[in-house]
Amino acid sequence: MPRLKSTEAALRAAPPADIIAALLAGRLADPFQFLGLRDHPDGYALNVFVPGADEVTCITGKSSRTALVPVPDAPGLFCGLLRKAQPYRLAARNHEAEWTFDDPYRFGPVLTHDDLYYIGEGSMHRLWAALGAHLITHEGVKGVHFAVWAPSATRVALVGDFNLWDTRRHGMRRMGHSGVWEIFVPGMSAGDVYKYAIHGPDGTVLPLKADPVGFGSEHPPRTGSVVRDISGHSWTDEAWMEGREAKHDIDAPISIYEVNLASWRRAEGNRPLSYLELADTLVDYAVDMGFTHIELMPITEHPFDGSWGYQPIGMYAPTIRHGTPDEFRALVTAAHKKGLGVLLDWVPAHFPTDEHGLAQFDGTHLYDHADPREGFHQDWNTAIYNFGRREVVNWMRSNALYWLEEYHLDGLRVDAVASMLYRDYSRKDGEWVPNADGGRENYENIAFLRDINSFVYGEVPGIMTVAEESTAFPGVSRPVYLGGLGFGFKWNMGWMNDTLRYMEEDPINRKYHHHLMTFGINYAFSENFVLPISHDEVVHGKGSMLAKMPGNDWEKFANVRAYYGFMWTHPGKKLLFMGQEFAQREEWNHDQSLDWHLVDAPAHAGVQTLVRDLNTLYRATPALYRNDVRPGGFAWIDGGDVENSVYVFQRIGDPEEPRAVVIMNMTPVERPDHRVGLPGTGYWREALNTDAVEYGGGGRGNLGGVRAEPIEWMGQGQSASVTLPPLSTVILIEGEDET
């Protein structure tokens with residue numbers, strides 16, 4: 001068995017004085033060259049650094065123990081000269097305790113040459129499988145492998161509770177010229193907190209950094225990364241996954257409920273609900289309301305509650321505010337088992353400059369642009385990703401795939417796309433850098449968006465991507481091979497802005513703004529649109545949907561109901577922010593629950609019932625969704641009744657499917673004998689009337705429906721006299737027998 005030859009010989013195996021000084025000062029760049037077991041002219045030198053130990057013993061085989069020699073004037077450093085190289089463990093003691101452990105410097109690398117090549121090339125599509133913290137068994141020992149990309153760093157060390165946050169210990173191995181640093185730490189386990197201690201290119205000691213590929217984080221305001229085991233999850237949502245592609249088709253009914261998990265509903269003491277609690281309450285509620293999907297505002301880990309998740313730092317970590325990664329998976333599974341899709345609000349445009357995050361990660365602008373005209377967002381005080389760098393593109397591309405594969409999410413809603421497309425976005429002259437051709441388009445970001453969409457649609461069958469994009473940039477939702485950006489859908493911000501402006505007008509003035517409700521059809525089929533009433537419309541002084549509406553309380557509710565009737569029948573998929581489905585009175589407040597007590601009031605309960613019935617009718621009526629992206633799915637019957645503020649249009653599905661006629665009266669004047677043209681003969685059932693008593697209305701309507709008369713009207717061969725309640729939308733469905 002190996003043994004120490006002598007104390008003097010052992011001390012000859014100690015590192016040179018300058019190396020010892022660097023080690024003790026926490027400046028040793030590559031401790032793997034000097035610590036652990038290595039060749040020596042007299043055998044094998046063993047150097048171990050165990051601060052706080054008075055004695056350290058080397059254990060080999062089953063029971064062979066050999067005392068190591070403390071190096072003079074180097075507290076914690078012990079050395080020895082062994083005859084034979086073989087696995088070993090260490091036993092240490094001081095006046096308070098004894099402990100046995102495996103030396104991290106006895107283990108070889110985990111990452112392969114191929115791993116490093118693909119990381120450097122920017123083509124490791126599942127980057128999270130190599131970087132971050134992984135529980136593994138390495139060389140027969142259980143522990144955690146850590147790897148981080150910091151190419152300009154001169155030293156990287158792993159710190160945490162496990163080593164008393166001592167930056168001198170657990171210095172990492174530089175993996176050649178790849179820019180990757182790694183270490184395997186035996187004995188670490190899930191739940192351990194860690195950070196990286198990084199020295200910049202000039203040796204500057206940087207603030208401790210969280211892991212850019214960390215799978216978990218501490219509860220804010222603490223900022224450490226947390227080891228999480230995300231491997232080996234047993235999914236039970238196969239039926240949903242196999243059939244979801246049809247649910248995301250442009251011809252499918254899609255109605256999205258946008259949710260901020262922290263404030264949708266709170267438990268006693270104003271505590272946000274956990275993922276497991278939401279798996280019951282939120283999922284059941286959204287299903288009962290008839291929505292097809294929930295869209296989660298960003299749940300990627302973020303330090304500041306007030307950012308609503310839109311300034312994330314832990315892009316690979318579901319926020320611990322609601323639970324662990326597996327508990328988040330349980331929420332997704334619960335949704336899928338009840339036929340509900342889950343979309344994630346994803347933020348690739350920018351990141352906050354908190355010192356523990358990506359900013360100056362290795363002492364350089366590693367993830368962002370160095371020039372603030374390209375790399376700093378003045379509106380949000382955030383840094384802008386540099387997608388001209390292949391490693392950053394790969395990191396973000398992998399992140400998109402990570403959420404879709406590891407968490408079975410059904411799609412990504414990509415935030416702030418407009419800010420990515422143009423170099424002069426929200427900048428004055430002289431505050432931006434033109435592209436290579438002198439223009440304003442951001443070629444690198446455009447290429448990134450195309451790459452992301454092509455990649456995720458190719459890798460993950462059945463998903464959808466949605467762009468929050470507010471400009472007239474062409475082809476946002478057109479395939480990349482046709483010159484588009486490749487998104488599945490695009491938010492229709494123009495429709496939202498115009499129609500809400502109209503609704504905010506006093507009805508007596510609406511005739512002067514009639515076009516705001518009709519103009520959207522001119523471009524409704526230029527993209528695959530989603531009609532969004534999102535969180536952005538009910539914050540920052542904009543008022544809730546109810547508060548936006550003019551008139552007395554009854555008129556406000558009637559306006560909301562009529563508008564929802566219009567929205568659910570207009571071409572485009574639907575998105576509604578939480579609380580607006582029951583006409584919350586106050587603006588959204590991220591620090592508290594929605595005002596659920598309001599649904600005890602008939603007017604609020606009525607709006608909630610209306611939204612439920614709109615979703616039911618929408619999903620059951622192909623004419624309302626089948627041709628959302630084709631001009632043939634819509635036709636005006638009368639879009640020009642300016643004086644009466646009445647609109648009449650039809651929605652058209654496949655030839656054999658019943659058509660729908662929608663009639664809107666946007667004044668508080670009842671019109672009891674208003675003749676409208678109908679595109680077909682026979683009976684037309686009144687499928688929904690927003691003035692129905694069960695919705696809080698006055699119950700004025702058409703006694704179940706109307707029968708077309710052979711009277712030409714509004715360019716149609718037949719017509720009917722209908723009752724139009726004040727501030728209402730009436731939906732008639734063709735060809736259903738009178739009952």
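## Helices α5 and α6 side by side

The axes of helix α5 (residues 275-288) and helix α6 (residues 325-337) approach to within 8 Å and cross at roughly 15°. With angles under 35 degrees counted as roughly parallel, that makes α5 roughly parallel to α6. The crossing of α5 past α6 is right-handed. Bear in mind that this is a predicted model.

Which residues of α5 and α6 make the contact? From α5 come Y275, L276, L278, A279 and V283, and from α6 come E327, F328, A330, L331, A334 and A335. Sorted by class, the residues of this contact are 10 nonpolar, no polar and 1 charged.

## A closer look at α5

Taken by itself, α5 has 14 residues, and the distance from its first C-alpha to its last is 19 Å, close to the 20 Å expected at 1.5 Å a residue. Its buried residues are Y275, L278, A279, L282, V283, Y285 and A286. As a reminder when reading that list, an α-helix has 3.6 residues a turn, so residues three or four places apart point the same way.

What covers the buried residues of α5? The cover includes α6, along with β16 (255-259), β19 (293-296), β21 (314-318) and α15 (602-620). After α5 comes G290, which has a positive phi, near 90°.

## R329, tucked into α6

R329 is a residue of helix α6. Is R329 buried or exposed? Its relative accessible area is 1%, and buried means under 20%, so R329 counts as buried.

If you skip residues up to four places away in sequence, R329 touches I230, H233, W235, E406 and Y407. One of those partners, E406, sits within the residue range of helix α8 (residues 390-406), which is up next.

Helix α8 has 17 residues and runs 23 Å from its first C-alpha to its last, close to the 24 Å expected at 1.5 Å a residue. How many of the 17 residues of α8 are buried? The count is 15, so α8 is mostly covered. Just after α8, H408 takes a positive phi of about 55°.

Two packed helices are described by the angle between their axes and the distance between the axes. For α8 and helix α10 (residues 443-459), the axes come within 10 Å and cross at roughly 35°. This crossing is right-handed. On the α8 side the contact uses V393, M396, R397, A400, L401 and L404, while α10 brings F448, D451, I452, F455, V456 and E459. By class, that contact has 9 nonpolar, no polar and 3 charged residues.

## Helix α11 under cover

Does the span of helix α11 (residues 493-504) agree or disagree with its residue count? At 1.5 Å a residue, its 12 residues should span 16 Å, and the end C-alpha atoms are 17 Å apart, which agrees.

The buried residues here are M493, W495, M496, D498, T499, L500, Y502 and M503.

E555 has its place in helix α14. With a relative accessibility of 23%, E555 counts as partly exposed. Leaving aside its neighbours within four places in sequence, E555 is in contact with P550, P668 and L727. Take L727: it is 172 residues from E555 in sequence, but their C-alpha atoms are 7.4 Å apart in space.

A21 is found in helix α2 (residues 17-24). It is partly exposed as well, with a relative accessible area of 40%. A21 and D691 are 670 residues apart in sequence, and C-alpha to C-alpha they are 82 Å apart in space.

## The whole chain

Now for the overall picture. The chain's secondary structure comes to 15 helices and 38 strands. Along its principal axes, the C-alpha trace spans about 115 × 55 × 45 Å.

Of the 739 residues in the chain, 61% are buried. And what about contacts between residues at least 6 apart in sequence? Among these, 72% join residues at least 24 apart.

Definitions and conventions
Residues are numbered from 1 along each chain as its sequence is written. This is a predicted model: local features need pLDDT of at least 70, side-chain atom pairs count only at pLDDT 80 or more; totals for chains, interfaces and linings use all residues. Side-chain values use heavy atoms; hydrogens and water are left out. Axes are lines fitted to C-alpha atoms, for helices over the stretch in contact, and angles run from 0 to 180 degrees between N-to-C directions. Helices (H or I, at least four residues) and strands (E, at least two) are DSSP runs, numbered from the N terminus. Angles under 35 degrees count as roughly parallel, over 145 as roughly antiparallel, 65 to 115 as roughly perpendicular and the rest as oblique. A crossing is left-handed if the near helix is turned anticlockwise from the far one by less than a right angle, and right-handed if clockwise. Contact means heavy atoms within 4.5 Å. Ala, Val, Leu, Ile, Met, Phe, Trp, Tyr, Cys and Pro count as nonpolar, Asp, Glu, Lys and Arg as charged, and the others, Gly among them, as polar. The expected span of a helix is 1.5 Å times one less than its number of residues. Buried means under 20% relative accessible area, exposed over 50%, partly exposed in between (1.4 Å probe, protein chains only).
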